[in-house]
Amino acid sequence: MNTKKEKFPYGIPGHNLGEIEREIPIEEPPVWPVNDKLKVIGKRVTRIDALDKVTGKAKYTSDMKLPGMLYAKMLRSNVPHAVITSIDISKAKNLTGVHAIHLIENSPKEGEENTKGKYPMVKYVGQPLGGVAAESLEIAKDAIALIKVNYEEKPFVIDMEAAMEIGAPIVFDEPITQQEDGGDVGEVHDGSKGQGNVRGPSTSSFFGGPRGDLEKGFAEADVVVERTYRTQVHTHMPLETHGVVVDWKPDLMMVYTSTQNTNNVRNEMASIFNLPKSKVRVVCDFMGGGFGAKHSAGSFGPMAANLAKKSGRPVWLMLDRQEEHLAEGNRPSSKQYLKIGAKNDGTLTGIQQRSHGTAGVGLGAGVGRIAQILYSCPNFATEQYDVLTNAGPGAAWRAPGNVQGAFGLEQAIDELAEKLKMDPLSYRDHIDKSEVRKVERQRGAALFDWSRRQPAGSGKGVVKKGLGVGQSTWPRFVTLDSSVEIKIHNDGGVEVRSSVQDIGTGTKTILAQVVAEELGLQVKDIKVNIGDTFFPVGPGSGGSVVTGSITPPTRNAAFEAKKELLNLVAKKWETDAAELFISDGQVGHNTDTELKMSFKEATKLMRTSQISKTASRSDDYGGFQQPWGLAYGDLGSVQFAEVSVNTNTGFVKVDKIVAAHSCGRPLNIGQLESQINGGVIQGVSYALYENRVMDKSTGHMVNANVDQYKVPFSMEIPEIESIIVEEYSARSSTDAYGIGEPANIATAAAIANAVYNAIGVRIYEIPITPSSILKALNKVS
Amino acid sequence: MNKFSWYEAKSVEDALQQVNSTVSEELYQHTNKATVFKSGGIDVFDWVKEGLLQPEKIVNIRNIPGLDKISYDQKKGLSIGSNVTLEEIASNPEIKNNYLALHQAVNHASTPQLRNISTLGGNIAQHNRCWYFRSVDHQCRRKGGDRCFARHSETGENENHAIIDNSSCVSVHASSISTALMAFNASVVIINSEGEKKIVSMDDFFVSPAKDIGMENILTAKELITEIILPAPSKNSRSAYIKEVARESYDWSLADVAVVVEVSGNTCRKASIVLGAAAPVPYRSLEAQQAIENKIINNDNAVAAAKAAMAIAKPLAKNGYKVPMFTSIIEQAILQTT
């Protein structure tokens, strides 16, 4: 491989910015300087589809209307555990306007006998059993109501701790073949080991397994904190529910869907229906949120396709809010035991973690890697168990596991600091090796005015103020399967194409920015066509991988296309192409200022109608920590929370959050702030409001709506101030990373620490409600 | 949602000719042949959308002329037509000046969008929000079943439920505006299909489930609320309303209280204290009233009244927090009247 040596900006401006030399492939574009010296990158660029979104012009999946299209509704179980003895569809079939009914049946592998019965076993309320396609949604719903499912009900278990007991009803009496839905980069939990309803433990992550000797570590400790923390089941609540429109043409299956992974949905549909990938096209132009729950075709995707096949018509199938709560994913609960020891000088000597969580009938209820890696500690071990219950399956949820883990760890560290008589913020200076979080603590503390913080519970009056802090880390993941095509048309138009979708964070806009910066054009000059599997493959919007994975090849492809264009101009001007540049839409010459040509004019020099360049993500400069795409460095954050607690009514209000974050080279300040706002709001909601409430005697969720499932509205949202710390690490041609997940990890922990600071009593369980505050204050007899 | 026919009522008489059931009756009996009223439609359509109510016909009473007036007279008091929207009440200056607690309660109810649509008649006649009652999968006693799921000491999810008079159904009434109306000794004017008019005090309007599990108020099928009337406030009367919620933007009450007092100097001569979200119907706390009447309104006496109100509370497994919460807001509301 031909290489060149280049000097890159390295470090944090205003702190330790310097340079580093890296040897990089010869074809890589020249080094970008820090953001201050760039024109489009790092600026507050309005998202390119903002107007379409706020005016309703943007078309989402549910807006799709195709000629002859039918509307479908799913049939779902209304018992938590049962064998289906029969399903009678005769009445539904005869309803006028019904075109197709499809029931989910066990399909044994070829040559195998079906020993499981005709229909899959029902394991939770809301499990999909079938679907109806009809001329209107109303008819489809009427038809569903006419289907009679006969059940042979079995004992069930909803409560996690009850499920762990010997003699509890068994959720799976067969081996579990499924794997955890961890989004793009979640760990895979092994469902094959364990007893009863308990699976696991997982004891290692891609950062390794246990280290050191815990017994020795705790023997060396002068101070120990030992606690159990609990977190609730939290559903995703994207404003746009899951759904799909399938138009199965003779030679092509068209799938319009709300997805954070067009490529994965395409692959799943191709595999399920035994089609070549080339004959399945998945399109997602606009998306109304996913938060981890929309990586797959689900059961609704194949259902719509089956109904389309049976009816010969396009089929629209969008889920409703209740279905969303019951069956389309959730953040699993957790019960985490944590023991942390430290010497009197604060040095950590041991961290022991043991967790149980339930993702219902799914796996993946661990508490992440945060206790393993956030602070340096020589002795560490974790055991993370999944507990199966008769409830809807969990799914990746904005920093899977780590949000639960942070809630425990960051409270324990706070408690440890207090035992050591150290300020919790300066204690973190002592035990946290991260340079970027150090800067975040400094800048955050200044903006937040951390010096106001008083000893816990020392406030006078009924309403007590409290200040708290929480930290997080999230790996820098890169999906190597990330490609982009850049086209320069001979009319001056520039187009970006990739299957990568914009989950709503502004991916389209940053791609336009990267190309505009490279081509010396404006953002409005770039047309971004993404979210379509007919284009080069892009990453899924999970793991905060998108920016770090797709922007370097985008820049590289634009650079290659530019080179080809400038070669044509150089030929015309009879000069060396290396002397040419494009700036403000003009091609110019480094030394001969007389030579000028507009970009549009330059594109007319092409002999063919377009220049097309495709580039794929390559290894990071300097390589990866792990070859599959675990990059060096991390995405650190420090969040500060200010709360008011009414000690008479138990009412908690989060007044303010200061969120200090890093994501390598920031690309679009406005969009980053917007993501931080979203992450913080979901964190506030997780800490105080949202909670899936299930009746243990019937197995039904009793708040599967937006009335009683409490998400925050305008008055619940605190003042949020963001600090975005630029951190250059010279790892790719853009050196940029995402921020989606980091924004959500530390919030609940910071709030819990602030509540403790306000009232002087620690709450070990979320959501923190008036009831839990009043109980903690011993006011409930 | 089932298919139903729609009837646009032209007058009260016309509407009463059409109707054949209350929503409560139909929820209890499931005839699927009911013709029911709809005004703002907020509550009734929730039931229809959930599939719990499958009416044959809906009679729209929203456009009946004459039911949408607010009138206030210093001597006669206040009359609010049943079709007056919550927003109209919230923005009425005479209500703010003379019935402060009502103004506060209406402003804290629901959301601005819903206040634009909801009518007062519908608000006081709405049904409770117990999530089992509202679930098609739980056949509770209010719907003709034989169980109260919420009451169960181990599995009942009863954090939002009643702490007083909870020996039958443990739901709490959903109208926090009724808390204030009852404290102002409001009455409900009801007309029946014979054209007879009756005036029922709010205290008698609501029906405790212990008395009749199938009803939340005294309305029968062939009856319609036309107005809600409030006596003129005495010169020395003062009022306050406080509501505690999980979310301030929009939420159902966890605990609310309305206090109306008549004072001479600092002394409370007469007190009307009503608790919302404490019992299956708005609960007049005679205990608190007695404790504060003829006493100086001060901190100690307010605390004593609040404690007296809560002395009879019998919380369920998950709603014990309501006792200190009520204690606090009753005390505060009493003190706010000084």
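I count a residue as buried if 20 or more other C-beta atoms lie within 10 Å of its own, as exposed if 12 or fewer do, and as partly exposed in between, with C-beta atoms placed from the backbone. By that rule, 57% of the 781 residues of chain A are buried.

Conventions. I am working on a predicted model, in which local features need pLDDT of at least 70, side-chain atom pairs count only at pLDDT 80 or more, and totals for chains, interfaces and linings use all residues. Residues are numbered from 1 along each chain as its sequence is written, and chains are lettered from A and ligands numbered from 1 in the order in which they are written.

Chain A, overall. I looked up the secondary structure and found 19 helices and 32 strands in chain A; helices (H or I, at least four residues) and strands (E, at least two) are DSSP runs, numbered from the N terminus. The C-alpha atoms of chain A fill a box of roughly 85 × 75 × 50 Å along the principal axes. I call two residues in contact if their C-beta atoms, placed from the backbone, lie within 7 Å. Of the contacts in chain A between residues at least 6 apart in sequence, 80% join residues at least 24 apart.

Loop between H4 and E8 of chain A. Is A:Met164 buried or exposed? A:Met164 is buried, because 20 other C-beta atoms lie within 10 Å. A:Met164 sits in the loop between H4 and E8, and its C-alpha atom is 6.3 Å from that of A:Val198, 34 residues apart along the chain. Leaving aside neighbours within four places in sequence, A:Met164 is in contact with A:Asn197, A:Val198, A:His356 and A:Val387. I also looked up A:Ile166, in the loop between helix H4 (160-163) and strand E8 (194-195). A:Ile166 is exposed, because 6 other C-beta atoms lie within 10 Å. C-alpha to C-alpha, A:Ile166 is 9.2 Å from A:Asn197, at 31 residues apart in sequence.

Nonpolar cores. A nonpolar core is a set of buried Ala, Val, Leu, Ile, Met, Phe, Trp, Tyr and Cys residues joined through C-beta atoms within 7 Å. The largest has 310 residues, and A:Val755, B:Ala101 and B:Val259 have the most contacts inside it. Helix H18 (residues 747-759) of chain A gives the largest share of this core, ten residues. Apart from it lies another core of five residues, including A:Phe291 and A:Trp397.

Helix H6 of chain B. Seven of the eight residues of H6 (residues 100-107) are buried, so this helix is largely enclosed by the rest of the structure. Among the buried ones are B:Leu100, B:Ala101 and B:His103. Their cover includes helix H9 (176-183), strand E9 (237-244) and strand E10 (255-264) of chain B. B:Val259 touches B:Ala101, and B:Ala183 and B:Ile273 are also among its contacts, not counting residues up to four places away in sequence.

Interface. I found 23 residues of chain B in contact with 29 residues of chain A. On the chain B side, helix H13 (residues 322-336) gives the most, with four residues.
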